[in-house]
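I opened the model to look up a few residues and helices. My entries follow in the order I made them.

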Amino acid sequence: MSITKQSKYVGNLVKHFKSNRNIKLGTRMEQYMRSQFTFLGIQSPQRKDLLKSFIADHGRPSNDQEIMEIYKQKEREFKYVAIELAAHQIKKTSDENRIKVYEEMASIEPFWDTIDIIGSKLVGGHFKLFPDQIKEYTTDKWANSDCFWKKRICIIFQLTYKKEVDIDLLFSFIEPNIYEKEFFLQKACAWALRSLSKTHHNVVFDYMQSHQDVSNMVKREASKYLHKKKIKD
């Protein structure tokens, strides 16, 4: 089988990172992530430096297929690299079908370390460019998924929207999930409420007042920036 330009690019990137493997650190990183994934043992600062030097020599991937090939590598660091490469292109893309790439990423070995960046950065950034897709992918699809990680994306994709957040939409995702037993759904609700309170204090204040029976974790996290009383307009 002939070696394609795509596989050569990804092969060079994989070789570049694997040559910097740290077995001892990789073992500690695997333990931290509940031994669910394999790690090279490359932490964020070094990973970013390695990616920067690789791009200087080889450029960036030319298409989404290359990004996904990187994402599907066994070692967890390659998922972070693929996400960083995809994030660089968000504001430059004019392809609304890019959302399918993010959806595929979210379906491959999902855990908080990838889902939170995919949701808040990739999906959130994409929906700012293509807001007409929000209902199709969130309300009509992910919110009803059997995969709670996709429900988490619905809850957190507006984290960076600040005053532009669609409050009604956000609460349509929070309300069905804030009492769920799944910790990562409760945590997402609390995180979203805490973020919302920075720009819509009274909205979150009223919500928490009317939901006194949420878990202590949600109360603590969601109320972090709340005052004891409503703020006067």
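**Entry 1: I174 and the core.** I looked up the contacts of I174, with contact meaning heavy atoms within 4.5 Å. Neighbours within four places in sequence aside, I174 touches I155, C189, A192, L193 and Y207. I174 is also listed with Y102 and M105 as having the most contacts inside the largest nonpolar core, a set of 75 residues. A nonpolar core is a set of buried Ala, Val, Leu, Ile, Met, Phe, Trp, Tyr and Cys residues joined through side-chain atoms within 4.5 Å. Buried means under 20% relative accessible area, exposed over 50%, and partly exposed in between, with a 1.4 Å probe and protein chains only. In soluble globular proteins, nonpolar side chains tend to be buried together.

**Entry 2: provenance.** I note that this is a predicted model, in which local features need pLDDT of at least 70, side-chain atom pairs count only at pLDDT 80 or more, and totals for chains, interfaces and linings use all residues. Residues are numbered from 1 along each chain as its sequence is written, and side-chain values use heavy atoms, with hydrogens and water left out.

**Entry 3: the chain.** I counted secondary structure next and got 13 helices and zero strands. Helices (H or I, at least four residues) and strands (E, at least two) are DSSP runs, numbered from the N terminus. The C-alpha atoms fill a box of roughly 65 × 40 × 35 Å along the principal axes. Of the 233 residues, 49% are buried. For contacts between residues at least 6 apart in sequence, I found that 69% join residues at least 24 apart.

**Entry 4: α6.** Which residues of α6 are buried? In this helix, residues 99-107, they are I99, V101, Y102, E103, M105 and A106. Their cover includes α4 (64-71), α5 (77-88), α7 (112-129), α8 (134-139) and α9 (148-156). After α6 comes E109, with a positive phi near 45 degrees.

Entry 5: I checked the length of α5: twelve residues at 1.5 Å a residue should span 16 Å, and the end C-alpha atoms are 17 Å apart, which agrees. The expected span is 1.5 Å times one less than the number of residues. Ten of the twelve residues of α5 are buried, among them E77, K79 and Y80.

I then looked at the pair α4 and α5, whose axes are 7 Å apart at an angle of about 155 degrees. That makes the two helices roughly antiparallel, a label for angles over 145 degrees. Axes are lines fitted to C-alpha atoms, for helices over the stretch in contact, and angles run from 0 to 180 degrees between N-to-C directions. On the α4 side the contact is made by I67, I70 and Y71, and on the α5 side by F78, K79, V81, A82, I83, L85 and A86. I sorted these residues into nine nonpolar, no polar and one charged. Ala, Val, Leu, Ile, Met, Phe, Trp, Tyr, Cys and Pro count as nonpolar, Asp, Glu, Lys and Arg as charged, and the others, Gly among them, as polar.

**Entry 6: two loop residues.** Is N177 buried or exposed? N177 sits in the loop between α10 (167-174) and α11 (183-197), and at 7% relative accessibility it counts as buried. Sequence neighbours within four places aside, N177 contacts K151, I155, L185, Q186 and C189.

R21 lies in the loop between α1 (5-18) and α2 (23-32) and, at 36% relative accessibility, counts as partly exposed. With neighbours within four places again left aside, R21 contacts F39, L40 and E75.

Conventions:
Angles under 35 degrees count as roughly parallel, over 145 as roughly antiparallel, 65 to 115 as roughly perpendicular and the rest as oblique.
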